Amino acid sequence: HRERETERSRCLPGTCTHPLPPSLHPRCQCLPPTPTPRALIVPPGCCPATMSPPGSSCPGPVSPRCLAAAAPAGTRLTHPGKAILAGGLAGGIEICITFPTEYVKTQLQLDERANPPRYRGITDCVRQTVQGHGVKGLYRGLSSLLYGSIPKAAVRFGMFEFLSNQVRDGQGRLSNTQSVLCGLGAGVFEAVLVVCPMETVKVKFIHDQSSAKPRYRGFFHGVREIVRDQGLRGTYQGLTATVLKQGSNQAIRFFVMTSLKNWYKGDNVGKQINPLITGLFGATAGAASVFGNTPLDVIKTRMQGLEAHKYKSTWDCAYKIMKYEGPIAFYKGTVPRLGRVCLDVAIVFIIYEEVVKLLNKVWKTD
């Protein structure tokens, strides 16, 4: 620095790029550009020597905060709080759009052959419902599902981001195997905390409408009656089937979604994805989950219906369906479920991604 003191008189003020702080060269106004990098600000939990991601020479564990600081622009990790808010908003909007298909799917699954069948198909189910209860009949049970969809999506995305933030690499990437495990964890967590009690109430509401004299007058009245008759356990019928369904659901969906996003971005990890592309990827992930676990969905629906007492356990339910109705019964309601789930997952992922982008602008996190 001293050897170049003669250059100071020829410098213009305000353009100094020297790495030393001004206190160490107070008279220096500028110096020619230098390749020497400025000192990095090391976030808590990072390696102070190298800022290295996991697997490098940095000793000890490296926190997700360090990964976010080391990752290139555009690969910032999503804060779980943002994921909870964005997921809840996406879940609420989605269910208001797609509930009629969920209603038809559930009615067809509850329409067992032994009754004999009340409906001859999707169109007949819609026709009979509208004739008997009007268009609003297709929205019977919406309140129970709406109250559940918001916390369900919030818990799902919040837990997925929390788990995935622990295992992403230095560039913010998530491998296919890691996406399966994180999706499985998120699905199990949402099943136990939210999905099972809410789905049980929803199925009982829809099944109740098919009876000659509907018993439940609304969401809170229905919950009160169920708890009064069966205790809190009555809202946790089919827990095993629900855990299996939700766990496999989210494992498949996040695996497909992550795989498609990694393929689309290629080596450019900061590449932005158009919302229409996100919707297409989401619909593909939804379709994969339908064909992968519809049998579990059928079993779960039977275990949560008003005639759940016919089955001793989840496995007994599966056995009796196979014995008395054949393997094709495990795929009842596949078509309406396919339409609903593809639209569901596409809408949720589009809204989620866009809300997260918005939150990143107004909610600054490390």
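Helix H9, residues 314-325, has twelve residues and spans 16 Å from its first C-alpha to its last, close to the 16 Å expected at 1.5 Å a residue, where the expected span is 1.5 Å times one less than the number of residues. This is a predicted model, in which local features need pLDDT of at least 70 and side-chain atom pairs count only at pLDDT 80 or more, while totals for chains, interfaces and linings use all residues. Residues are numbered from 1 along each chain as its sequence is written, and side-chain values use heavy atoms, with hydrogens and water left out.

**Overall make-up**

- The protein has ten helices and zero strands, these elements being DSSP runs numbered from the N terminus (helices H or I of at least four residues, strands E of at least two).
- Of the 366 residues of the protein, 47% count as buried, that is, under 20% relative accessible area with a 1.4 Å probe and protein chains only.
- Among contacts (heavy atoms within 4.5 Å) between residues at least 6 apart in sequence, 69% join residues at least 24 apart.

- The buried residues of H9 are Thr314, Asp316, Cys317, Ala318, Ile321 and Glu325, and what covers them includes helix H7 (239-265) and helix H8 (275-304).
- Just after H9, glycine 326 takes a positive phi of about 85°.

**Helix H7 against H8**

- H7 has 27 residues and reaches 38 Å from its first C-alpha to its last, close to the 39 Å expected at 1.5 Å a residue, and just after this helix glycine 266 takes a positive phi of about 60°.
- H7 and H8 pack at an angle of about 170° with their axes 8 Å apart, the axes being lines fitted to C-alpha atoms, for helices over the stretch in contact, and the angles running from 0 to 180 degrees between N-to-C directions.
- That angle makes H7 roughly antiparallel to H8, since angles under 35 degrees count as roughly parallel, over 145 as roughly antiparallel, 65 to 115 as roughly perpendicular and the rest as oblique.
- The contact of H7 with H8 has 14 nonpolar, ten polar and five charged residues, where Ala, Val, Leu, Ile, Met, Phe, Trp, Tyr, Cys and Pro count as nonpolar, Asp, Glu, Lys and Arg as charged, and the others, Gly among them, as polar.

**Helix H8 against H10**

- The axes of H8 and helix H10 (residues 334-362) come within 7 Å and cross at roughly 140°, which makes H8 oblique to H10.
- By class, the residues in the contact of H8 with H10 divide into twelve nonpolar, eight polar and four charged.

Conventions:
Buried < 20%, exposed > 50% of the residue type's maximum accessible area, 1.4 Å probe, protein only.
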